[in-house]
Each structure stands twice: as structure tokens, then as C-alpha cells.
Amino acid sequence: MYDMRFQNWVNEEYGPFPDTDALDDFALSEERCDEIQAAFDDWCRKNAEADTKRPTTLYHVTTPKKAVRYRESGRIIAPVRGFTTMQAAMAWALQTGRTVVYAVPAPADATHKLPDHHNEFGEAWWIDRDCPEFKCQFSAGRP
């Protein structure tokens, strides 16, 4: 069964996919073909523009207990979720009671926008691989 949640997320993230219902009609006019091609090209361009707006650093919020595990293992295990700004991370820390914030480099080929968890201070993203590089930006206790 097709999961509409994914399609809704794609539509929210990149805008709706161009109308392709007309592709079932084999008697397309040349104008309609050009219109569909233009819509598809526009969608691809917007998709590419969204990819260029990927953050280079994410701010990951965690607990002191997990921070100790990160240091012991030398990495943050995927998926690594974070925010685009320190302010957004601090707002999340206050909301969740977590007290440690790490800055994590966000590789462009492994960083994806989350469909939720955004706040007024920044966007939420996730990295789909382990992060061996992380630097403490804030700790209300021992990280």
C-alpha cells in the first residue's frame, strides 16, 4: 500500500510534483508535452535549489549520559538529529530537559531535512551516518 505520508512530506519539502495524469493520454499535443516538460524542469530546479541550502553544521542536543558514551565511542551513532542554529538547539534543550549541545559537521550527501521538530529559531535536520567529529558548544553540567 502506498504511504501518503511520504508524498505529503515531499510535497511540503519540495512542492508538489508536476501533474503527470495527462501522461496516460497517448494523444498529447505538442503544447501539452512542452507544458509537462517545463513543469518537470521547474520541479527539478527547485529540488536542486533545496539541496544547495543544506546546512554545513548542525547543533545536536543530548543528555550528559549520552555525551559520555559519545566520548567513549569517539562518535555519535546515526541517525544524528540537529538544528541549523544554536538558538534552535537551546530552545529544544529547554523543551526536552537535555543539557549538552554539540556542533556536528553536516556532510551534504548525508544530511536530510526532518518533516517536524522545527522551531521559530531554526530548522531540524538529520544525518544518516555516524559522526566522528563533534565539539561541545554548551553544557549545563559535565558533558
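Strand 1 (residues 57–62) runs antiparallel to strand 3, and the two are joined over six bridges; strands count as paired when DSSP finds at least two bridges between them. Strands here are DSSP runs of E with at least two residues, helices are runs of H or I with at least four, and both are numbered from the N terminus. Within this pair, Val 61 sits opposite Val 101 in strand 3. This is a predicted model, so local features need pLDDT of at least 70 and side-chain atom pairs count only at pLDDT 80 or more, while totals for chains, interfaces and linings use all residues. Residues are numbered from 1 along each chain as its sequence is written, and side-chain values use heavy atoms, with hydrogens and water left out.

Now look at the other partner of strand 3: strand 6 (residues 135–139) pairs with strand 3 in the antiparallel sense over four bridges. There, Ala 103 faces Lys 135. Why is strand 3 largely enclosed by the rest of the structure? Because five of its six residues (100–105) are buried, meaning under 20% relative accessible area with a 1.4 Å probe, protein chains only.

Next come the cores, each a set of buried Ala, Val, Leu, Ile, Met, Phe, Trp, Tyr and Cys residues joined through side-chain atoms within 4.5 Å. The largest has 13 residues, and those with the most contacts inside it include Leu 58, Tyr 102 and Val 104. Strand 3 gives the most to this core, with three residues. A second, separate core of eleven residues includes Phe 83 and Trp 92.

Most peptide bonds are trans. Pro 79 lies in the loop between helix 3 and strand 2 (80–83).

Note on methods
Buried < 20%, exposed > 50% of the residue type's maximum accessible area, 1.4 Å probe, protein only.
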